[in-house]
Amino acid sequence: MKAPCTDSNDATCVCNYGYYMNELSQRCEPCTRCPEGKGMLLSCESDHDSICEECTGDTYSDQESSREPCIPCTTCDDAEVLQLCTSFTDTVCQGKAISSHVLVIVTCTLSFTSKL
């Protein structure tokens, strides 16, 4: 519950984790899970569903997920490429020098206090 019932306002409810309020049906619906080949662009919150994006260029997603973005494909530096990266599979390399990219997501929360 976001806010309890008062004399002047009705109670305000929110959906449980993993669900969002569908504006059309006015019901809590399960969050969309992005299929293989798509990554999370915007995660599901109580007031909106997930938004998935196609993995394009040098990115892929090899699993269904409700949280993971598209991942950068592995680069075969001096190694032979056995299989090219697709939207749902990573590059497969054979040889010694393989480099992977790491995606780091940082979330910051700011709080301010006011002295009056």
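**Strands, surface and annotation**

Author: Begin with a pair of strands: β1 (residues 19-22) and β2 (residues 27-30) run antiparallel and share four bridges. Strands here are DSSP runs of E, at least two residues long, and helices are runs of H or I of at least four, both numbered from the N terminus. Two strands pair if DSSP finds at least two bridges between them. This is a predicted model, in which local features need pLDDT of at least 70 and side-chain atom pairs pLDDT 80 or more, while totals for chains, interfaces and linings use all residues. Residues are numbered from 1 along each chain as its sequence is written, and side-chain values use heavy atoms, with hydrogens and water left out.

Reader: Which residue in β2 is the bridge partner of Asn22?

Author: Arg27 is the partner of Asn22. Four residues lie between the strands of this hairpin, and Gln26 has a positive phi near 55°.

Reader: How many helices and strands are there in the chain?

Author: Zero helices and ten strands.

Reader: What share of the residues is buried?

Author: Buried means under 20% relative accessible area, with a 1.4 Å probe and protein chains only. In this chain, 20% of the 116 residues count as buried.

Reader: Which residues does the UniProt "TNFR-Cys" annotation cover?

Author: The unreviewed UniProt entry places this domain at residues 14-52 and 54-93. Such positions follow the numbering used here, feature names are shortened, and annotations may be inferred rather than shown by experiment. Residues 14-52 are 38% strand, with end C-alpha atoms 23 Å apart. Residues 54-93 are 32% strand, and their end C-alpha atoms lie 24 Å apart.

Methods:
Buried means under 20% relative accessible area, exposed over 50%, partly exposed in between (1.4 Å probe, protein chains only).
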